[in-house]
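Thanks for making the time this morning.

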Amino acid sequence: MLEERIVACQQNALVAAPSVMRRLRDRIEGDIEKSEGDVKLTILGSGTLVPSGSRNSAGYFVELPDARIMMDCGAGTVHALARYRVPWEQMTHLFISHFHVDHAGELASLFLAFRHGMETGRVDPLTIIGPAGLDRVMDGLKMAYGPKTFDVRFPLHIRNVTPGGVVDLGKDSRLLVAKTRHTAESLAIRIEEGHHAVCYTGDAAYDDELAEFFSGADLLVSECSFREPRAGVAHMSVSEVARLATRAGVRKLVVTHCYFEVNESELKQSLEREYSGEVVIGCDGLKISTE
Ligand SMILES: [Zn+2]
Ligand SMILES: [Zn+2]
């Protein structure tokens with residue numbers, strides 16, 4: 001069964017005193033007991049490219065027994081790694097879904113954090129996984145910010161993946177990618193740990209094959225860009241997200257990446273009209289575990 005625990009929505013962080021937040025965090029984190037085979041997901045950024053006081057651009061951190069994976073790296077997510085106290089220095093994989101800046105804009109900041117901001121003497125390798133074009137993006141950042149941008153003191157592997165690709169993450173875990181209809185390179189991801197699966201759409205238009213890829217997952221994090229479908233726009237509307245989750249038969253749907261003003265109860269109700277699983281409206285700092 002899935003269980004969700006809100007550690008600290010950024011909205012709360014804006015109004016609560018630090019000591020209150022610390023007590024809240026300690027209380028809730030003390031409550032979280034990770035059992036064998038669980039997958040834990042933390043939302044680092046539930047927003048889009050629109051400047052927001054409470055929602056960073058896209059970013060997620062997934063913790064498995066054998067791997068720690070950051071998915072996307074949009075504006076605000078590097079500081080969110082510390083704010084939401086995820087073990088970022090022990091990150092084993094970084095997945096980039098596509099090269100829009102709200103998903104990849106803090107790549108250089110992340111690697112400079114690995115170079116200058118770590119408290120541990122990390123030696124374990126890190127693998128960056130992304131679509132074709134990842135090398136070009138990294139080379140461009142080196143040109144812009146200097147040749148040492150990705151020069152970290154541990155082995156760095158770059159792995160281009162194509163739709164259908166699989167990457168082993170550990171003894172019982174693997175990562176799979178599928179094409180999304182968004183940009184030429186855009187990918188969705190499915191992370192499997194034993195019998196658990198956690199999926200993320202990246203940015204995507206609705207399609208039946210994508211629903212098939214997410215089939216039976218414990219948790220689907222989905223973009224939900226617009227209230228109503230928009231012709232010719234490669235994103236999903238509320239009813240398309242509900243259709244995707246229903247067709248995939250996922251147990252829990254977490255919606256993020258909304259370009260409209262989110263009224264949580266209204267949005268939840270709209271999704272629940274067409275999808276019978278559990279709906280969560282994502283917010284920064286939300287932590288969800290499979291159990
Ligand atoms: Zn995009
Ligand atoms: Zn986006």
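Predicted model: local features only at pLDDT ≥ 70, side-chain atom pairs only at ≥ 80, totals over all residues.

Stepping back, the protein has 291 residues, of which 47% count as buried, and its chain contains nine helices and 15 strands. If we take the contacts between residues at least 6 apart in sequence, 63% of them join residues that are at least 24 apart.

Now, to which sheet do E9 and E10 belong? They are part of an open sheet of seven strands with mixed pairing, and the order across this sheet is E8-E9-E10-E11-E12-E13-E14. At its edges are strand E8, residues 166–170, and strand E14, residues 278–281, each of which pairs on one side only. Neighbouring strands in this sheet are turned against each other by 20° on average, if we ignore direction.

Helix H8 lies across strand E12, residues 219–223, and strand E13, and H8 runs at about 155° to E12. Helix H9, in turn, lies across E13 and E14, running at about 150° to E14.

Let me turn to another part of the chain, around strand E4. Is strand E4, residues 68–73, enclosed or open to the outside? Six of its six residues are buried, so E4 is largely enclosed by the rest of the structure. On one hand, E4 is joined to strand E3, residues 59–63, by five bridges in the antiparallel sense, with Glu63 standing opposite Arg68, and these two strands form a hairpin that has four residues between them. On the other hand, E4 pairs with strand E5 in the parallel sense over three bridges, and here Ile69 has His93 of E5 as its bridge partner. To get from E4 to E5 the chain passes through helix H3, in a β-α-β crossover that is right-handed.

I would like to finish with three loop residues. Arg85 sits in the loop between helix H3, residues 77–83, and strand E5, residues 93–95. Its phi is near 50°, which is a positive value in a residue other than glycine, and Arg85 counts as partly exposed because 14 other C-beta atoms lie within 10 Å.

His257, in the loop between E13 and helix H9, residues 264–274, also has a positive phi, near 55°, and again this is a residue other than glycine. Is His257 buried or exposed? It is buried, because 28 other C-beta atoms lie within 10 Å, where 20 or more is the cut-off for that label.

The last one is Gly249, in the loop between helix H8, residues 238–248, and strand E13, residues 252–256. With 14 C-beta neighbours inside 10 Å, Gly249 counts as partly exposed. Leaving aside neighbours within four places in sequence, Gly249 is in contact with Ser215 and Gly216, while the C-alpha atoms of Gly249 and Asp218, which are 31 residues apart along the chain, are separated by 9.1 Å.

Methods: Residues numbered from 1 in each chain as written. Chains lettered and ligands numbered in written order. Buried ≥ 20, exposed ≤ 12 C-beta atoms within 10 Å, placed from the backbone. Contact = placed C-beta atoms within 7 Å. Pairing = 2+ DSSP bridges. Axes fitted to C-alpha atoms, helices over the stretch in contact; angles between N-to-C directions. Right-handed = clockwise from strand over helix to strand, strands pointing away.
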